2 protein chains.
Amino acid sequence: MPRRSDSRQRMVRTAAALLRRQGYAATGWRSVVAESGTPWGSQAHHFPGGKEQLAVDAVAWSGEAFERLLRGALANGHPADAVEAWTRLGGAELERSGWRDGCPVATVALETAHDNDALASACTSAFGSWRSAIAEAIQARGVDEAAAQSLATFTLAAVEGALLLARAERSTEPLFAVGRHLSGVLRANVE
Amino acid sequence: MPRRSDSRQRMVRTAAALLRRQGYAATGWRSVVAESGTPWGSQAHHFPGGKEQLAVDAVAWSGEAFERLLRGALANGHPADAVEAWTRLGGAELERSGWRDGCPVATVALETAHDNDALASACTSAFGSWRSAIAEAIQARGVDEAAAQSLATFTLAAVEGALLLARAERSTEPLFAVGRHLSGVLRANVE
DNA sequence: GGAATACTAAGACGATCGTCTTACAATCCG
DNA sequence: CGGATTGTAAGACGATCGTCTTAGTATTCC
């Protein structure tokens, strides 16, 4: 297998960054290729499934990357502390990027939930893995499985909503408000 | 002023429905005109500001329509009851529409928050009016303003996140989980 | 009636989209 | 070496995008 190149990987990572900012419809092959510095002629070679396959891979990559981050944050300490760190870091990243870099999956999920099964299921997997990470951390502190799942869903939803509002209002305030209330709920219900 | 027509209004409402489902980039003039049954030649006449103006008007219309709904739900009874009704109705609407009709603003907000000031501020206004509606209802029950604002932000964020997760997972479960937890928080903090 | 106004008909315009094609360069396997 | 595989070059392809143009029709005011 000759002529090894990292074009495919660069395309996936660049696509992930662009999808995060502008969503699926507004992210074209041309901008992915230009921004990643990869060759135009390699799209069909690396992604015979076309733009959809690129996006699926990008969402999956984003999902796994963030799952690792999340599991790391949840590994030590109370979930409430992890949530506070999460909202703080999310706010910092949003502000630093000019309110561009929010949740790497949400935009694509909302855009394509209705008519693209492959992309929709990639988004579902990402969200599911994050929720599992949270639920397992809660369950590890003595909460039964059903309650832990429910709490994890609530936690993920609140943070996702906070990222949405923060981005829309160009302010970190929603993230802080949610971080405060949510950590209170978690402390009251876990361990 | 002769030849009165409702083309403009029909365009705005159809655009609102399409933006809710597919977002800004994927919603073209052609589909708006076709689905609303309005004449192709009237776009520039009714919307000299182009597609952006149409979208701004559509988001504003959606925002006001939902604000009225929300204020109605909050008028009588505890905010916790309104939130439970909200999540229940939101879930029913999502399911009925084949997981298409979620929040009418969220998709556009995430898509365009970064590079379209007019559209971004229309989304900000919508979210702001909803949050104000919630905050006023909470404040009316004896909570001081700062705490009410914070609780309202938390409430809106959690429901928005639940709508996002429900749409992505094609399940009403996130809405029910959030409705349950959130109403508990509201009951514990209000009245 | 006549002029001004509100609206529509019907499409052309250039730009950009995702995809596909054909030819060629580089590398590894035996 | 020779052949197979992997990757890139360079662009054409038709479709669709938002916008703009020119003409003409209907309605109201004076």
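## How the two copies are related

Copies are superposed by least squares on the C-alpha atoms of residues with pLDDT of at least 70 in both. Done this way, chain B falls on chain A by a rotation of 180° with 0.0 Å of shift along its axis, and the RMSD is 0.0 Å. The two copies are thus related as by a two-fold rotation axis.

This is a predicted model, in which local features need pLDDT of at least 70, side-chain atom pairs count only at pLDDT 80 or more, and totals for chains, interfaces and linings use all residues. Residues are numbered from 1 along each chain as its sequence is written, while chains are lettered from A and ligands numbered from 1 in the order in which they are written.

## Where the chains meet

Let's look at the contact between the chains; two residues are in contact if their C-beta atoms, placed from the backbone, lie within 7 Å. Chain B brings 39 residues to it and chain A brings 39 residues. On the side of chain B that touches chain A, the elements giving two or more residues are H1 (7-22), H6 (106-112), H7 (117-139), H8 (145-169) and H9 (173-189). These are helices (H or I, at least four residues), taken as DSSP runs and numbered from the N terminus. H8(B) gives the most, with 15 residues.

That side of chain B holds 23 nonpolar, 10 polar and 6 charged residues. Here Ala, Val, Leu, Ile, Met, Phe, Trp, Tyr, Cys and Pro count as nonpolar, Asp, Glu, Lys and Arg as charged, and the others, Gly among them, as polar. Because 100% of the interface residues of chain B are also interface residues in chain A, the copies meet through the same surface.

## Two helix pairs inside chain B

Now for the packing within the chain. The axes of H1(B) and H4(B) (residues 50-75) come within 8 Å and cross at roughly 80°; axes are lines fitted to C-alpha atoms, for helices over the stretch in contact, and angles run from 0 to 180 degrees between N-to-C directions. H1(B) and H4(B) are therefore roughly perpendicular (65 to 115 degrees) to each other. Residues in this contact include Met11(B) and Leu19(B) from H1(B), and Leu54(B) and Trp61(B) from H4(B). By class, the contact has 10 nonpolar, 1 polar and 3 charged residues.

The axes of H7(B) and H8(B) also come within 8 Å, crossing at roughly 130°.

Terms used: Parallel < 35°, antiparallel > 145°, perpendicular 65-115°, else oblique.
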